[in-house]
Amino acid sequence: MLLLWIHSHIATLTIFTPLLVAALVVLCPSLWVAKWLALLGAGACFLESVHMWHYFVPGSGLQFTEMHAWLPQWGIQYFVGVDGISLLLIMLSTFLTCLLLIGAWNFEGKGQKTFFALLLFLESGMLGALMAFDLVFFYVCWEVMLIPMYFIIGVWGGKNRIYATTKFILYTAFGSLLMLVAAISLYLLYKKEFGVYSTNVLDLYRLSGLPAASQFWLFCAFALAFAIKIPLWPFHTWLPHAHTEAPTTGSVILAGVMLKMGTYGLLRFAIPLFPAVFLDFAPVLSVLGVIGIIYGALVAWQQPDAKKMVAYSSVSHLGFVVVGSCAVLHSMISPEALTGAVYQMINHGVSTGMLFFLVGVLYDRRHTRLLDDFGGLARPMPWFAVLLIIATLGSVGLPGTGGFVGEFLILLGTFQSNPAIAILASLGVLLGAVYMLTLCRKILFGPVTHKENESLQDVSWREALVLAPLAVLVIAMGVQPGFFLDRVRPSIDHLAKTYSEYRLERVELPPLGCCKGGCSNGCEE
Amino acid sequence: MMQLPVLDETAVQIIATIVKFLVVLVGVLHIPPVMIWVERRVPALMQRRRGPNRVGFFKWRLWGLLQTLADAVKLIFKEESVPGSAYKGFFHLAPLIGLLPTLLFVSAIPFGPAIEIGGWKIPLSVIELDIGLLFILAVTGVGVYGVTLAGWASNGKFSLLGSLRASAQMISYEIPLGLSLIPLVLIYGSLNLQQLILAQSSVWKWGIFLSPISFLIFLICMFAETNRAPFDLSEGESELVAGFHTEYGSAKFALFFLGEYVAMFALSCLCSVLFFGGWQIPFVAHEQLVSLTGSVNIAALCGVMALLLKAAFFMWLYVWVRWTLPRFRYDQLMKIGWKFLLPLGLANVCVTALVLAALA
Amino acid sequence: MSAMVPIEHSLILAFLLFFIGAAGVLIRRNLITVLMSIELMLNSANLLFVAASRQVGNVEGQVMMSFVILIAACEAAIGLAMVIAIFRRYGNIKTEFLRALRG
Amino acid sequence: MIWMVLLFPLLGALLNGFLLPRRSKLLSHGVAVAAVAGAFACACCVFLEFFATRHSHLYFGFNWLQAGKFTAPFELVVDQLSGLMILIITGIGTLIHIYAGGYMKEEVTTYRFFAYLNLFVFMMLLLVLGNNLLVMFVGWEGVGLCSYLLIGYWFQEEANAKAGMKAFLVNRIGDIGFLIGIFLTYKHFGTVSFSELSSWMNLMPTLAEPYPKALFWITLSFFIGACGKSAQLPLYVWLPDAMAGPTPVSALIHAATMVTAGIFMMTRLSFFFYAAPDTMLIVACVGALTALFAATIALVQTDIKKVLAYSTVSQLGYMVLACGVGAFDAGVFHLLTHACFKALLFLGAGSVIFAMHHEQDMRRMGGLRKHLPITHGVMLVGVLAIIGVPGFSGFFSKDEILWKAFIFPTYGPILWGIGFLAAGCTAFYMVRLLCLTFYGTPYQDKSAHHHHHPHETPWYMWGPLVVLALLSIGVGYLGVPDFLAHLVGGHNLFAHYLEGLIYIPASAQGAWGHLHAEHAHELEWGLMLSSVALVTLAAGTAVFCYTNRPVRGVASFLGGHFPRLHQLLLDKYRVDECYQRKIVTPLAEISTFLWQVVDVRVINGCVNWVGYLLMGTSGIASFRMTGSLHRYGFWVLAGTVCVLIISCF
Amino acid sequence: MVEVWFFYFFAAIAVVASLGVILLRNPVAAAMLLVVTLCALAAEYVLLGAEFSAAIQVLVYAGAIVILFTFVIMMLNLGQEEVGQLAGFSKWALLLFMLGGAGVILIQRLSMGALPPGVPGGAASDNTYEVGMALFTKYLWPFELASLLILLALIASVVIARKPTFPSRDA
């Protein structure tokens, strides 16, 4: 009975479990209990997402939906659901949050309880944004994400944290406000066309007769909001600051999931809502993406600060995702590229998350992140070296790691639509290797130039507990992409092929206990 | 009884009020000497010693009662000294401000049923109020000023500390005090003290039986409100010399003394009124008494006596406790007030309300 | 107390108190006095409520008055806490030191 | 069985890398050798199984990558080429693994070394076995990774780490070519599977536009990939630096197997290359030029491993030349022979270095023949093989290539000429190496007080050398050119063996008619004899110059009369410096510019400027904000009074 | 008419005392005069038939709020020399203000006729009971909210008045 109830409210539960636990964590008087509580909560949330994963039926529809009237007089609903485009990101968010909590277990500094609670709060916001199919609810969650991040950077950040966090908030909020305006006008336009108010995204997809000019501006507003979040060149300057100043955990979650909100939003809202304008804009976005790829890589190469380097690498990697999302091909998006884009989001979350963790490991020990302060760490810290190399390889997209699958598919699809873009983007693959290997070399190899480094502790068990799953994931995602992609492929293909008149249907909840029916789409021989 | 036609109702009441006030004032002025005697003799009894018993006329020593008188005389005629740094006006005013609320407090207590003089029904409280209980609470609240001002106006470390302690303590304990009264108001359905007494028509309807927890809280707060041991932190002689009245001597000191004992008396009376049936004599209904004695007035007098006896018990209790229990530490005091009495009082209110709702 | 005091009297008294309080807020540099002046203003409002209650013949004015008292209590508590905080920070409580709003 | 071939090395790598205790060197060595030897055994079975039927066989593993219409299953193929390759890889790999145990004896972290080495074998096997471009690419980059790790094995020295990185990055440039090749292939053919592509090409009688053009670009892209991996001009620069790795690594990766991956790949895609004659010409030219270019550099190098490295580049140039002139079979054959003798040479050099306590400068060697008799013997075999002394394997393979180059219709003789010159250089520098190392008087180190006498290596080091020496002689006879084989009534076994695999697609038959045309045997004889003569001459010169005398002769002549040329050769034509100056440094400067100026000043400046603008505006608006409580209160109340007064009227 | 005279009497006390509140230099004296004002107002409430209000006026205002003021004054130990000057800006303000106030009162006085006629003897007989009923029925939610508010104020004041966690200005 309880199981059935959970099953039928799984989306809502997944969103709100962390929020609830966050409240409990704050109120919990004992730090020890609070920590375990937070971990349990995050674990429960992860299990819930696994439940969704398990019962997710491959197909293009929207699943695990739950709809309630929220402000019925204005047509605003609480409407959540999961489809193939968000499923992987949901899994990533819940998974990363668990690891983050473990990672921040012996957190230096004050307010650990609050910190954990904020993380959980953030998770709630992210999950809400990923599952929301109501524009207003999406917007709420989208903004809610900013709040905990603001505090995480602003309170626990580095020396320049206030500047960084203010910039982050103002910049992203600026974009979101434009999006809000666009959302409201969309809402009014819907009313004009259909005579009723609705913020249901599935309804909004039906809006077809928008005038070109208004589509143009609406797309611009949405795309700008997402571009800032992604961050697409040249809207990226908040990112290096935010990443550098954020505590490790903040960087991981920021790079791991929050940046993907931008690309996710692009796929969920900007493209299917305004397909005609998207067609015009795709080259622009692609070009910006490519500039981001090369520019990010080049700038990353010269960074003296490991974290900043990884931060710029995010600009580069997310450029791939944008390029992949914009590979328009004969009135459809290249499905290969789109699949790659979705996959690359996850992969970037894992590998860059891992890199940030690793930089954090170093920072914990030496309280510096300057590359010049390291060198030759492979000798005192062999396991660290192994993990860093795995993360690096994942990041540079070596075949056999998830990064390759994502980048390859993106480039493959993009090449079909625009070879020049693809070739330029593949330069990013090369440059990616340049800066990542430089990072590796400067940290790991060469003689140990600083005395302090000779006696550094290798990764502890707790850190290994965080990093090992990520390392395994980096490789597993490269070796068995089918495992991750088979479920979500129909959704992606559906979006790719029909984005110009995108429709999404709600799918009945599969009965509890017998799910395996439709999952054999390509996972068996 | 003869009618006095020249007087109308209002005038009679005004005259009666003045008379009652004078009576109370005079009565109240007699409390400190007696109490000082008690406070000397009782511990002597408890400690198996004699206590002051020498002062007297010839062989009449009256168990030392006259010692108090002598002390009083000494106190009043002692030379006054005012500290140079004191805020003079308030320094002089403070004892009076301290005394006034307690007198008002006493004025609100119905000492007995109404008596009849010349056909005028005269209630035996100086001020008869519908909201007597609230009035008492209000007056208690104002009573803090005396202490506060005294300490502040003395402009000395010990005084200031003592007065801060005292007033914080009094404010803190006012809350549980008020909370402890609410169940009674709920049960008896009135704020009028006379009504409250009348509602406790039989022994089993006494407040102590209907709301024992209220009584417990009230009792504790009673001690705290009067800054008496074991809550006499504000004048903890080992720490603060004498607290807020360190700098006071002679008559003004006497006024403080007076204030303290009047407050004790008033609270004892209130306790009797609220929890022990006030002026009602146990097992003897007032009507029975009237018919027994044949006079309303005599019955009323009996009632007054009953109330005074009950109050006397609590006065004695004050003394008893003072010589039995050690002083609390200040943090313990605050802890008891805020962490024990306050929740307990709240719970008590809730439980009483629930029970009443269930019964209704 | 059957006879009525005309409501105009109460109104004028209330006005006087209000303006005295407002003047206190404006002319005093001592934060505590300022707060006390605010209490005066609140009291004038109370008086108006009570008088109106009397005038209209129901107790709603008194209910409102009790709410006002409650809010006054909150205001006093927070205000005084702030006074203490300000004192800790600046060493005195003159209003001149509170210039954070200066543009 | 085929899976076992892959599984063994992977398991070995995992065991050594993660699972086994790390103290015991013997254990890690044993595990590694066992893994490769097991793989070799399985590979033999697989090969024999295939050889019996001569039918290529596909093994489907699992559905690896699928998106949209694109599918890339994890599928292996065993055919002539991959069958041969797995034998080479595991066979020579086994020998080198055994040898490495001795060579790496003094290392602490041998487990790491063997883990990398096993991983390399796995990746290389993946490369050759994959049935589609993507699986091949996995191996392709995988071997690059292992190469990177192994070059930087002694990571404590900055230079080694840098060399590893350089190898990886230069390879990556090629890899991008490979990737673009894949994209183009998929774009035009809709598949990346070799078997499908092959049959598609096979079935097409003629190719209409856009295919010829597309094929040109496809093959060019793949050739760029091959250039990277097989160290061709202009991407060869990583290979000499890669000698920073331990010598067994140089033998296995940078001589025998990995670097030949480019030739392997081109052979795999020979149907494409045949159909793109323009590319073929480029390939041939690049190959020939590389052969000569590297050989000239090798003439004056003094580091024993550097000489071998440039020699490798040069030999790879030959192979690429072979591919370019359409003689893929000759190229693969040279690959095979080269694998044997170059591995032999490297391991021999390794023995020398080992014996000399990691001394690599040939000028500090000499007269080692007495101390290292076995090594000397096998090295001699290796040198004879590489310079193409008749009867040794190099002779057959190189001669075939030169012949095929000669008959290439476009610039054939010129290509032959370049190759011919390169062969002369090869003979010179290899003999020079031999002389400097083994003959002459021992080098007297004046400064060294405790001179150690070099000792012959233990059996498990020279054992493999002997085997390789035998192979260096023996494998040549598999590919005796037809005209020689006809003398004894046989034919070119090797070419015959590969016939089923390497075919000219129907559409391109016309362009490659000369390969099957009859040629005068006299010409062939003549060419062969002339090259033998050249080799003899060059070798003789080298012997004359370098034996038992202070260095003089040609070298000193060159050094004396053409100092700039000599210096140029010593500086390896300053290609590295040129790259550094023209590409790396500007790129770094651009990066710094992008970061410091564009990012921080321009973009971020714009963003901040908006903020400052707003701040300034608010400053203007806030001039009435005096911060005085009283003033604020006054205005509030005054306003209220005004409103009240107004409302009264 | 006794009530009216009483009213005037207490009103006079209230006004004078409140003037004292804002004019006296000594904050303690001001606080005491505030108590006087409050008590006078309480008396006015009694005259207006609002006994309950009067009681809570004294109970809460005099018994709690002003005590708090006194406390703070004592805690900060503000001598009378230190504080109590008028703000520099005050003269104009006061002038303008008083003029405005007088004007408003004047106008108000003139337009008094607009007030609704009083209900004679309108005050309920059992004032406390009535107030209680109103509070717990019609105004239940505001009442609960108010309790929440006061709880918040309690916590907030504790938090605000805690020992400072921010670095002091000198540091």
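Author: Before we start, two strands pair if DSSP finds at least two bridges between them. Helices (H or I, at least four residues) and strands (E, at least two) are DSSP runs, numbered from the N terminus. The model is predicted, with local features needing pLDDT of at least 70 and side-chain atom pairs pLDDT 80 or more, while totals for chains, interfaces and linings use all residues. Residues are numbered from 1 along each chain as its sequence is written, with chains lettered from A and ligands numbered from 1 in the order written.

Reader: Thanks! In what sense do β1(D) and β2(D) pair?

Author: Antiparallel, over eight bridges, with β1(D) at residues 57-67. His57(D) has Val78(D) in β2(D) as its bridge partner.

Reader: And which residue of that hairpin takes a positive phi?

Author: Gly68(D), near 55°; the hairpin has two residues between the strands.

Reader: Is β2(D) mostly covered or uncovered?

Author: Mostly covered: eight of its nine residues are buried (20 or more other C-beta atoms within 10 Å of a residue's own, with C-beta atoms placed from the backbone).

Reader: New topic: how many residues of chain A are in contact with chain D?

Author: 44, facing 39 residues of chain D; contact means C-beta atoms, placed from the backbone, within 7 Å.

Reader: Nice, and which element of chain A gives the most to that side?

Author: α18(A), with 10 residues.

Reader: Last one: at what angle do α1 of chain C and α1 of chain E pack?

Author: About 5°, with axes 9 Å apart (lines fitted to C-alpha atoms over the stretch in contact, angles running from 0 to 180 degrees between N-to-C directions). That makes α1(C) roughly parallel to α1(E), as angles under 35 degrees count as such.

How values were computed
Contact = placed C-beta atoms within 7 Å. Parallel < 35°, antiparallel > 145°, perpendicular 65-115°, else oblique. Buried ≥ 20, exposed ≤ 12 C-beta atoms within 10 Å, placed from the backbone.
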